[in-house]
Amino acid sequence: MRFLRGGSAAAIAALTLGLVVAPSAHAVGGVPTVEELPFAVDSSNQAAWWNPLDVVGDVTYFAFNAPAAQAARHEVHLASRAADGTWAEGCLRTSPGAACVTFVDDNGHNQPSIVVDGDGVIHAFVSMHNEQWNYFRSDTAGDVSTMVDRTSTMPDLDVDITYPVTARGADGDAWVLVRTGTDADGAREGVLYHYDRNAGSWGRETTIAAAKGYSFYPDDLEVSPDGRVHVLWEWGPFPADPARHLGSYAVYDPATGSLADAAGATVPGPITPASMGAIVWRPFLTGETIRSYTPAVQSAKLALDGSALAGIGYRFVEKDRTAYDARFVRWDGSSWIDEKVVDSAALGDGVATSAAVDLTRAGSTTRLYTVVTAQVCGEVRSRAIVAERADAAAAWTYAAVGESRLGQQRLRAQTRSTDDADVVYLSAPAAAPARLARAVVPRDAAVGPATSLSTLVSDLRDDPGGVNVALGATATASSSLRADTGPALAVDGVCSDASRWISAVGDTAPWISLSLTAPATLDEVRVRSGYSADSGSAAVLRSFEVQVHTPTGWTSLGSVTANTQRLVTVPAGGVVADGVRLLISDPSASTTDVARVFEIEAIAVD
């Protein structure tokens, strides 16, 4: 069997075991559709910036970390979705029929990358953070249940490997780019490996880049129809650093064994940070060095337009800031043209992009995918978005992909050959339980419904609005944990861990009381509680009564029991009050049983 397209891939998928029929997710117009995978996902499935996704014809392949019986470990599973919506799943095994292999959790590092070659054989590279190869391959074409260990067939078995990114060529051969550890030489290099289907084996192709005192960080790999391999990476200081620099791009030609820059000029290899030519698309800014924490690059992806570079999407943090923006850069024939697509500073405090970005190109449109995050009262909320621009348009348009989630999300995207729709891998590891979804974003119409980034952030914050007349109220409480956790912090309008009223340990029935600056007609009272380090519900107020003070004294608006929500809203029904208080009978479900209140909001009738 040769390179698979359309129906032949679906036929292979039908051979898989453990079939699960899921509702078919067909997109209408340019509106994304999302379907959750019907399989358990581990919270360690943190990084989708390698390549856990492949699409062959109408068949989708996902790789993900799944729960293991042992704590702090996970299994790696593969799932395939046939064109009719049928899902199949399988785990990695040392040999056919053996137990599922488990791996140590290492969030952001030990993640899987896969590629399906032209014969339908699935290749998986997993759990390698400065470790020797962990390589698995399917025994049956297209069958995710037949993945077995084939590490012994790899070259360079004594080399430490990190960050595998994969690609399939038009001829059906497979490629993987990795960082290899040559620590004795004071360098970590970028090395390209090639799977020759005719020989049925992997071989070391070439060293793309290497320099003493530097570490190579693979970002992306694409093979163009002319057989050339497009390579994207960043440089960091040896041995490693979370902040990287000098975003770089080069093209390797297997026919000649040569490297070229974006202008097509031949570049001597291995490439170094000092190599001349149109290689570095993100040069040092004034004062920036390889060891700067800011400014810095983190994560980048490329897209091709035929055999030419369409552009690069990447994340960048400016000097002395913590929030990364999403940017797009392209080669115009003589220079790199760089622009900001998501400006986190313009979207307000606490807004950023998470470590997820991807870029696709089809027809006359370019799409940049990323995840926007917002800090909301001690918790991170996130939503995947897509920015789209047609060649004739001057500006990007924006739309959401999937739902908002608690915690950060990760993603990858790949354009489907049958209809140019994008298939998107959406991982939400901090959700309870962790989630993994498949989105389809069609290209038969402009992506939508289009909206503004500010509206997306507003929706993400889920701010119910209204005038809060409790701001600046006089607050007293039964106790405080410390001098810097006093009751005034519950009415200062700041929703952060550093601005909470926290009751004292041993105060089993704490209370907090507010005296409003003037009587007000109230619509509702909102109580925001918890702690950002608790991704569950243990730190929120469990049971409490909300009372208001009227000319006749204190009266109850209602009681809340066994609460698990960070935001609780209690209707006030238009009562005129000059005070609000909480009588707490069960502070929390956490080991340190104290009340933790971000804000108490008294919302006036509009």
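Me: How do strand 9 and strand 11 pair, and over how many bridges?

Reply: Two strands count as paired if at least two bridges are found between them. In this predicted model, strand 9 (residues 122–125) and strand 11 (residues 135–138) run antiparallel, with 3 bridges between them.

Me: Which residue in strand 11 is the bridge partner of Ala-124?

Reply: Phe-136 is the partner of Ala-124.

Me: In what order do the strands of that open sheet stand?

Reply: The sheet has 4 strands in the order 8-9-11-12, with antiparallel pairing. Strand 8 (113–116) and strand 12 (147–149) each have a single partner strand, so they form the edges and one side of each lacks a neighbour in the sheet. From one strand to the next, the twist averages 25°.

Me: Now strand 25. Is it mostly covered or mostly open?

Reply: A residue is called buried when its relative accessible area is under 20%. In strand 25 (residues 325–331), 6 of the 7 residues are buried, and the strand is mostly covered.

Me: Which strands pair with strand 25?

Reply: Strand 24 (residues 308–317) pairs with strand 25 in the antiparallel sense over 5 bridges. Strand 26 (residues 336–342) also pairs antiparallel with strand 25, over 6 bridges.

Me: What is found in the hairpin of strand 25 and strand 26?

Reply: There are 4 residues between the two strands, and Gly-333 in this hairpin takes a positive phi near 105°.

Methods:
Residues numbered from 1 in each chain as written. Predicted model: local features only at pLDDT ≥ 70, side-chain atom pairs only at ≥ 80, totals over all residues. Heavy atoms only, no water. Axes fitted to C-alpha atoms, helices over the stretch in contact; angles between N-to-C directions. Buried < 20%, exposed > 50% of the residue type's maximum accessible area, 1.4 Å probe, protein only.
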